[in-house]
Amino acid sequence: VTAFVLVLHTFDRKMLAVRSKMALRPLQSTVLRTRMLTIRASSSASAASTSGAPKWEIRMLYDSACPLCMKEVDFLKRRDATSNKIDFVDIASPSYRAEDNAGISYEQAMRKIHAILPDGRIIVGVEVFRRLYEAIGLGFVYAITRYEPIGNMAEALYNVWAQYRTQLTGREDLEMILAKRNAQDSTMCGPASGANGSTECAVPVKAEAGKQ
């Protein structure tokens, strides 16, 4: 009798274990499905948040009418041809609009080099060159400008260049160039427009497409 009771007790324990495992299976399946749905939702949210983000790392505003400037722009374009980390925007184009470029006017972009980051931040001067060269894998060229007093010295030298670059490259005085652009914009878009780039007039894009 004792042996029978022991066998029966052992059988009951095994059956209880089997029932417990069977009861846990639906719960485990539910937990697994919940985790899978959470992962998919996170992936979808991540994809949605990044789908509208720019693919470039920095947008460079450059003056195509500056011959010396274009030597550097062409060099950057060649180095960036496969990675496309730089978005090049020509401020000398008749279709340039401040509204499309963080509110940076033609005059501002002509007086100093400007660039825009994907988050909308604007950078000016030597930092633009530093970021551009980092984008093409040559960050060491301007790395020293991160440290003072080298940074301030480089900025001071650039400011002198920016002030006189049009004359140094065989062009008219910057103020004259700005005045002509202002007059050109006023003719095309009416008296309310100007070199500040705030106008929303229609500009013939076909001519620019042929230029590029």
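Q: In which helix does Arg131 lie?
A: The model is a predicted one, where local features need pLDDT of at least 70, side-chain atom pairs count only at pLDDT 80 or more, and totals for chains, interfaces and linings use all residues. Residues are numbered from 1 along each chain as its sequence is written, and side-chain values use heavy atoms, with hydrogens and water left out. Helices (H or I, at least four residues) and strands (E, at least two) are DSSP runs, numbered from the N terminus. On that basis, Arg131 belongs to helix 4.

Q: Is Arg131 buried, partly exposed or exposed?
A: A residue is buried at under 20% relative accessible area, exposed at over 50%, and partly exposed in between (1.4 Å probe, protein chains only). Arg131 has a relative accessible area of 28%, so the label is partly exposed.

Q: Which residues does Arg131 touch, not counting residues up to four places away in sequence?
A: Contact here means heavy atoms within 4.5 Å. With residues up to four places away in sequence set aside, the partners of Arg131 are Ile58, Leu117, Arg121 and Ile123.

Q: How many of the residues of helix 4 are buried?
A: Let's look at the helix around Arg131. Val126, Val128, Phe129, Arg130, Leu132, Tyr133 and Ala135 are its buried residues, and they pack against strand 1 (58–62), helix 2 (67–79), strand 2 (86–90), strand 3 (114–116), strand 4 (122–124) and helix 5. Helix 4 is thus mostly covered, its buried share being 7 of 10.

Q: Which residue takes a positive phi just after helix 4?
A: The spot to check comes just after helix 4. There, a phi of about 85° belongs to Gly137.

Q: What is the angle between the planes of Phe129 and Tyr142?
A: Of aromatic pairs, the structure holds 5. Rings of Phe, Tyr and Trp (its six-membered ring) pair if their centres lie within 6.5 Å, and planes under 30 degrees apart count as stacked, over 60 as edge-to-face and the rest as tilted. Phe129 and Tyr142 are a stacked pair, 5.9 Å centre to centre, with a plane angle of 15°.

Q: How many residues apart in sequence are the parts tied together by Phe129 and Tyr142?
A: Phe129 lies in helix 4 (residues 126–135), while Tyr142 is in the loop between helix 4 and helix 5 (150–168), so the pair ties together parts whose separation in sequence is 13 residues. As for cover, Phe129 is buried at 11% relative accessibility, whereas Tyr142 is partly exposed at 21%. The separation asked for is 13 residues.

Q: Which kind of pair do the rings of Tyr133 and Tyr142 form?
A: Tyr133 is buried, at 10% relative accessibility. The ring centres of Tyr133 and Tyr142 are 5.1 Å apart and the planes stand at 55°, so the pair is tilted.

Q: Which ring has the charged end of Arg181 over it?
A: A charge sits over a ring if NZ of Lys or CZ of Arg is within 6 Å of the ring centre and within 35 degrees of the ring normal. One case is Lys77, whose charged end sits over Phe88, 5.5 Å from the ring centre. For Arg181, at 4.1 Å from the centre, the ring is that of Tyr106.

Q: What is the N to O distance between Glu134 and Arg146?
A: A salt bridge is a side-chain nitrogen of Lys or Arg within 4 Å of a carboxyl oxygen of Asp or Glu. Glu134 and Arg146 meet in one, with N to O at 2.4 Å. Glu134 lies in helix 4 and Arg146 in the loop between helix 4 and helix 5, so the pair ties together parts 12 residues apart in sequence. Glu134 is partly exposed at 35% relative accessibility, and the distance asked for is 2.4 Å.

Q: Which strand holds Arg59, the partner of Asp87?
A: The side chains of Asp87 and Arg59 meet in a salt bridge at 2.6 Å, N to O. The two are 28 residues apart in sequence, and the bridge ties together their parts, because Asp87 lies in strand 2 and Arg59 in strand 1.
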